[in-house]
Amino acid sequence: MITLVIPGGVFNDPIHGSLELHPLLVKIIDTPQFQRLRYIKQLGGKCYVYPGATHTRFEHSIGVAYLAGELVKALHEKNLEDMKNPNKKEVSDLNITPADILCVQIAGLCHDLGHGPFSHMYDGMFIHKIEPSWKHETASLNMFDYLVNENNLEDEMRSNGLNLPNDLEFIKELIDPKNWDEDTKKWPFKGRDENKSFLYDIVANKRNGIDVDKWDYFARDCHYLGIKSSFDYRRLIMFARVCEWNCRREICFRDKEVFNLYDMFYTRYSLHRRAYQHKVANSIEWMITDAFLIADQHIQIEGTGGKKKTLSEAKNDMVAYTKLTGQQLIDSGQIRMRAVEFYSSLFQSEYHKNG
């Protein structure tokens with residue numbers, strides 16, 4: 001049985017209730033780079049249509065860290081139970097270590113560090129117009145490195161049983177498992193060997209999309225949007241096991257949980273149909289994107305060495321990016337001013353054209 005030796009921080013979450021996180025996770029939460037997520041709205045401009053949807057990446061990231069820990073601990077405990085069962089002689093030891101659990105939790109906590117103002121509106125709409133190939137996961141990895149170095153967390157990580165630099169590499173692979181290809185015979189990761197392939201299914205599952213990131217934001221978004229969901233992630237965790245499939249260990253679920261999984265994917269469909277792709281909310285986000293594009297060169301953020309970075313350049317400089325939040329843009333007044341100028345001239349142009 002793996003337990004926390006040192007009591008961590010207790011958080012009262014509206015979705016998961018009272019939850020406890022490891023002291024190392026609390027130290028990460030207390031850094032400026034993570035606190036920045038308090039000012040990054042989870043659903044971007046959707047709050048202009050759904051007034052309750054003002055939750056942020058901050059609480060979502062804490063929720064993902066918690067669920068990641070719950071899932072990997074459940075897999076470990078069930079594995080120990082199954083090995084003691086004389087009727088399950090084929091079950092082998094997964095050898096899940098405290099370091100494995102801590103790395104998975106840190107990856108869950110830090111997976112969204114790279115989001116910009118208004119979340120997917122920044123990277124999927126604004127930055128996509130300027131640099132289509134850029135992804136927020138790239139910034140998440142860069143911000144994670146910056147967070148660890150800037151706050152001197154390497155010694156803290158070592159004192160909590162992590163093996164550096166190997167475990168840092170593992171955490172980053174969990175955040176963005178971009179080399180994953182289940183058809184390849186060559187194992188692409190360095191952080192853990194192929195015997196622990198199931199750990200790569202927990203935070204960002206590129207194999208089938210069933211991961212704790214979605215479990216948290218489905219529950220959290222439904223709560224704040226006021227949309228009902230019957231998907232039960234707690235039950236799914238209860239019936240999760242690691243099985244051998246195609247010569248690799250993967251997370252699987254009891255056959256009777258198939259309808260719970262159907263509910264999960266239906267919840268995703270429903271959220272897209274009713275909220276994420278809401279035509280008015282999307283129109284508002286395109287208006288904000290237009291304002292971002294116009295204001296881009298006018299917004300100057302101090303980055304590394306005192307160099308100024310624009311709204312679109314800040315994502316490549318973690319000193320500047322730490323300062324870039326949705327609240328910072330609203331407080332500056334630049335976005336609002338440029339938006340008013342743009343749409344005033346646009347409406348005047350349409351008026352004279354049709355007049």
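A salt bridge is taken here as a side-chain nitrogen of Lys or Arg within 4 Å of a carboxyl oxygen of Asp or Glu. The legends below describe a predicted model.

**Figure 1. Salt bridge between Arg207 and Asp201.** The closest N and O atoms of the two side chains are 2.9 Å apart. Both partners are buried: Arg207 has a relative accessibility of 17%, and Asp201 one of 4%. The whole structure contains 19 salt bridges.

**Figure 2. Salt bridge between Glu257 and Arg235.** The N to O distance in this pair is 2.7 Å. Glu257 lies in the loop between strand E4 (248-253) and helix H11 (258-276), whereas Arg235 belongs to helix H10 (residues 233-238); the pair thus links distant parts of the chain, 22 residues apart. Glu257 is buried, at 1% relative accessibility, while Arg235 is partly exposed, at 35%.

Figure 3. Glu244 is exposed, with a relative accessibility of 53%, but Arg249 is buried, with 11%.

**Figure 4. Aromatic pair of Phe170 and Tyr200.** The structure holds 14 aromatic pairs. In this one, the ring centres are 5.6 Å apart and the planes stand at 75°, an edge-to-face arrangement. Phe170 is part of helix H8 (residues 166-175) and Tyr200 of the loop between H8 and helix H9 (212-225), so the contact ties together parts 30 residues apart in sequence. Phe170 is buried at 0% relative accessibility, and Tyr200 is buried at 3%. Arg192 lies over the face of Phe170, 4.1 Å from the ring centre.

**Figure 5. Aromatic pair of Trp187 and Phe189.** With centres 5.1 Å apart and an angle of 75° between planes, the pair is edge-to-face because that angle is over 60 degrees. Trp187 is buried at 15% relative accessible area, as is Phe189 at 8%.

**Figure 6. Aromatic cluster and a charge over a ring.** Ring pairs connect Phe118, Tyr122, Phe126, Trp134, Phe292 and Tyr321 into a cluster. In a separate panel, the charged end of Arg38 sits over the ring of Phe58, at 4.0 Å from its centre.

**Figure 7. Trp215 in the largest nonpolar core.** This core comprises 97 residues, of which Ile106, Ile202 and Trp215 touch the most other members. Helix H3 (residues 57-84) gives the most to the core, with eleven residues. Beyond its neighbours within four places in sequence, Trp215 contacts several residues, including Leu67, Leu71, Ile210, Phe231, Phe253 and Met264.

Methods. Residues are numbered from 1 along each chain as its sequence is written. This is a predicted model: local features need pLDDT of at least 70, side-chain atom pairs count only at pLDDT 80 or more; totals for chains, interfaces and linings use all residues. Side-chain values use heavy atoms; hydrogens and water are left out. Rings of Phe, Tyr and Trp (its six-membered ring) pair if their centres lie within 6.5 Å; planes under 30 degrees apart count as stacked, over 60 as edge-to-face and the rest as tilted. Helices (H or I, at least four residues) and strands (E, at least two) are DSSP runs, numbered from the N terminus. Buried means under 20% relative accessible area, exposed over 50%, partly exposed in between (1.4 Å probe, protein chains only). A charge sits over a ring if NZ of Lys or CZ of Arg is within 6 Å of the ring centre and within 35 degrees of the ring normal. A nonpolar core is a set of buried Ala, Val, Leu, Ile, Met, Phe, Trp, Tyr and Cys residues joined through side-chain atoms within 4.5 Å. Contact means heavy atoms within 4.5 Å.
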